[in-house]
Amino acid sequence: TPENGIDAWLRYAALPSDIRIKHKQLSRIVALSSSETSPVYTAAKELQDGINRILNQQIDILFATTIVTSTIIIGTVASFSSAGGNAQEIPKLKEDGFWLSTKGETVQILGQNERAALYGAFEYLSMLAQGNFSQVAYASNPNAPIRWANQWDNLDGSIERGYGGKSIFFKNGVVLDDLTRVAQYARLLASIRLNGAIVNNVNAGYNLLNPLNLKGLARIANAMRPYGIRIGISLYFDSPRELGGLSTSDPLDPQVIKWWSNITTLVYQVVPDLLGYLIKANSEGQPGPLTYNRTLADGANMFARALKPHGDGVVMYRAFVYNHHLDESDWKNDRANAAVDYFKDLDTQFDDNVVIQIKFGPIDFQVREPPSPLFANLRQTNAVIEFMVAQEYLGQQSHVVYQPPLWKTILDFDMRIDGKSSIVSDIVSGQRLNWGRCGYAAVVNVGNDTTWLGSHMAMANLYGYGRLAWNSSDNAVDIVQDWARLTFGIDKTIVDTVTKISMESWPAYENYTGNLGIQTLCDILYTHFGPSPGSQDGNGWGQWTRANAHSIGMDRTLSTGTKNSGQYPLEVAEIFDNIETTPDELLLWFHHVPYTQKLKSGKTVIQHFYDAHYTGAETAQTFPAQWAALKGLIDDERFEHVALRLAYQAGHSIVWRDAVNGFYIAKCGIPDDANRVGNH
Ligand code: GCW
């Protein structure tokens with residue numbers, strides 16, 4: 001059924017007739033394209049289908065190369081001009097940018113390229129679906145050229161940190177025969193203007209490179225290409241040794257270089273428009289250049305040079321390199337320092353088609369982190385910021401956690417490089433440091449569940465990611481309102497309720513899991529789900545809290561700590577280095593303080609912990625009642641699906657509250673002012 005979620009925000013629900021009849025009758029779509037695999041063709045079909053469903057108007061498509069009378073014209077600006085159209089009014093567009101005009105007799109949807117025409121079609125349909133018939137004429141251009149999705153799919157069909165079913169790409173070691181869901185996924189990605197997808201796990205094996213799977217890879221690329229989505233793959237660093245039978249995978253060894261160059265030729269034979277490679281190396285047990293006493297740049301450049309002769313392919317080299325056997329007894333040790341320690345001095349050494357993929361914070365997609373200091377330490381090496389739509393540390397889709405407000409704390413942060421305005425979004429868009437290949441990546445991890453991510457509400461994060469990657473100044477409330485109208489309906493109660501729950505969700509989750517910058521206090525050893533504040537310490541993973549009987553927090557200061565504050569540019573370093581100027585929400589990220597330390601709010605750290613866990617859980621407990629207002633306003637299937645998860649979240653928030661508060665009262669023995677916290 002259309003209600004099961006597969007169409008997500010592309011449901012094109014019929015508008016109520018009193019609204020719908022206000023729209024003029026459309027007569028024809030003229031598509032300036034003849035190829036069925038062109039995104040312009042896809043766009044014309046999408047318009048036809050969407051207009052039929054939203055407005056109940058059946059209209060024809062004419063595929064043409066000259067301008068004929070029409071009510072909607074779709075194509076590229078170039079095809080429009082050569083078909084005799086007057087493009088004078090249209091400003092110069094950036095790559096992937098589009099022009100949308102609903103003024104005058106003809107709706108014009110014209111892209112800088114074919115994929116951009118499809119973006120324009122989705123924009124127009126999004127307006128219609130929300131009952132917005134206003135007359136507009138504007139150009140829309142992306143923040144940044146790289147806007148990708150990453151999937152952590154394994155060839156056996158499992159998905160690492162995936163919470164929405166099995167892989168839509170692979171099963172039993174091979175590419176699935178039926179790739180219907182892959183095309184549907186590409187449609188969703190294109191509608192939020194993403195232009196690339198990495199289809200296999202960063203913890204990659206080498207079997208994707210066998211001849212059978214390369215054929216499968218071609219089919220995946222073919223399924224996504226009509227939507228303007230190009231694909232890339234993750235590689236396993238030791239493939240030359242383990243698959244190729246060489247004695248080494250040393251990136252400077254001529255045979256190894258030749259091996260990768262041959263493989264790359266084979267890959268381009270099946271996927272001529274390959275995006276490139278994603279590399280996780282020397283991270284969490286993965287081999288890499290350091291294994292062969294070479295630098296990370298040597299490793300990245302080896303792949304870059306294999307790609308170079310074939311086109312514009314890039315190597316996404318992940319900055320997630322750290323030692324996961326770190327010694328906690330040494331107070332100078334700090335996993336948060338790793339990315340800058342490893343990459344800073346290599347800044348001049350990467351080839352121009354290497355891009356560093358940097359997780360938004362220095363640790364790992366926690367509920368609150370400062371921006372990774374690496375964003376302020378690369379000047380000549382292009383980078384992308386990595387987000388995680390899949391809620392690995394954020395309740396794994398059993399909790400509603402709407403992430404755009406969290407992401408915006410990072411994107412809006414001013415790094416003050418050289419004492420000048422250096423907003424993170426301006427860095428990754430390329431504006432601040434004049435980068436050309438940069439932008440956004442997000443781990444999405446959709447699966448074959450009809451909800452894609454495992455929960456309808458979680459899809460706001462995928463939608464929001466696309467919106468911010470296109471325009472980081474979009475507002476988190478506007479984004480979720482659009483998403484709510486498109487996903488559930490334009491009724492005000494629906495929009496207000498979904499918006500309120502969503503906007504309250506991240507602050508609530510932060511409150512009942514881990515506040516004041518202590519990280520998400522989940523089990524970090526295995527599941528990354530559910531409370532386990534004791535699991536952070538006593539192991540080498542470096543997500544330490546250093547909680548003892550008297551004090552808590554990581555000392556990351558210059559004088560007594562790990563010197564992590566000093567990895568930020570001076571003005572920012574001074575703020576984080578000083579307890580007085582560090583914002584409360586990051587206090588325990590940067591400082592080790594007594595539980596009785598006073599916050600700016602006047603409360604002690606421990607009382608804030610107790611109170612926040614109560615406040616957060618109380619908020620989560622209002623979600624089921626808020627949602628109940630939607631009964632009958634949306635279909636029962638999705639109503640019940642969401643209601644069940646919200647009920648779970650409400651209960652689990654109490655489990656969280658009591659586990660965390662109980663843990664700390666047992667540690668420090670300081671009673672709760674309000675006398676709620678027992679020593680569990
Ligand atoms: O957060 C960690 C995850 C790993 C993941 C890793 C990474 C794919 O727990 O499952 O591995 O991040 O980003 O590489």
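Trainee: Which residues surround the ligand?
Mentor: Trp-152, Glu-160, Arg-161, Val-202, Asn-203, Lys-280, Phe-320, Asp-364 and Glu-392 surround the ligand; a residue is near a molecule if its C-beta atom, placed from the backbone, lies within 6 Å. This is a predicted model, in which local features need pLDDT of at least 70, side-chain atom pairs count only at pLDDT 80 or more, and totals for chains, interfaces and linings use all residues. Residues are numbered from 1 along each chain as its sequence is written.

Trainee: How do the residues of the shell around the ligand divide by class?
Mentor: The shell has five charged, three nonpolar and one polar residue. Asp, Glu, Lys and Arg count as charged, Ala, Val, Leu, Ile, Met, Phe, Trp, Tyr, Cys and Pro as nonpolar, and the others, Gly among them, as polar.

Trainee: Which strands form the closed barrel?
Mentor: Eight strands, in the order E7-E10-E11-E12-E13-E14-E15-E16, form the closed barrel with parallel pairing. On average, neighbouring strands of this sheet are turned by 25° against each other, direction ignored.

Trainee: What makes E14 and E15 a pair?
Mentor: Two strands pair if DSSP finds at least two bridges between them. Strand E14 (354-359) and strand E15 (382-388) have five bridges, in the parallel sense, so by that rule they pair. Gln-357 has Val-384 in E15 as its bridge partner. Strands (E, at least two residues) and helices (H or I, at least four) are DSSP runs, numbered from the N terminus.

Trainee: Which helix lies across E7, E15 and E16?
Mentor: Helix H13 (459-470) lies across strand E7 (146-150), E15 and strand E16 (439-443), and runs at about 170° to E16. Angles run from 0 to 180 degrees between N-to-C directions, and axes are lines fitted to C-alpha atoms, for helices over the stretch in contact.

Trainee: Why are E2 and E6 said to stand at the edges?
Mentor: The open sheet has six strands in the order E2-E1-E3-E5-E4-E6, with mixed pairing. Strand E2 (60-63) and strand E6 (137-140) each have a single partner strand, so one side of each is left without a neighbour in the sheet. Within this sheet, E4 (98-101) runs antiparallel to E5 (107-111), joined by four bridges, and Ser-101 stands opposite Gln-108 in E5.

Trainee: Why is H2 called roughly parallel to H4?
Mentor: The axes of H2 and H4 come within 8 Å and cross at roughly 5°, which makes H2 roughly parallel to H4. Angles under 35 degrees count as roughly parallel, over 145 as roughly antiparallel, 65 to 115 as roughly perpendicular and the rest as oblique. The residues of the contact between H2 and H4 divide into 12 nonpolar, two polar and three charged.

Trainee: What touches between domain 1 and domain 2?
Mentor: Domain 1 (2-140) and domain 2 (146-487) come from the domain assignment of the chain, which is automatic or taken from a database. In contact are 19 residues of domain 1 and 22 residues of domain 2, where contact means C-beta atoms, placed from the backbone, within 7 Å. Helix H2 (39-55) and H4 each give two or more residues to the side of domain 1 that touches domain 2. H4 gives the largest share of that side, seven residues.

Definitions and conventions. Two residues are in contact if their C-beta atoms, placed from the backbone, lie within 7 Å.
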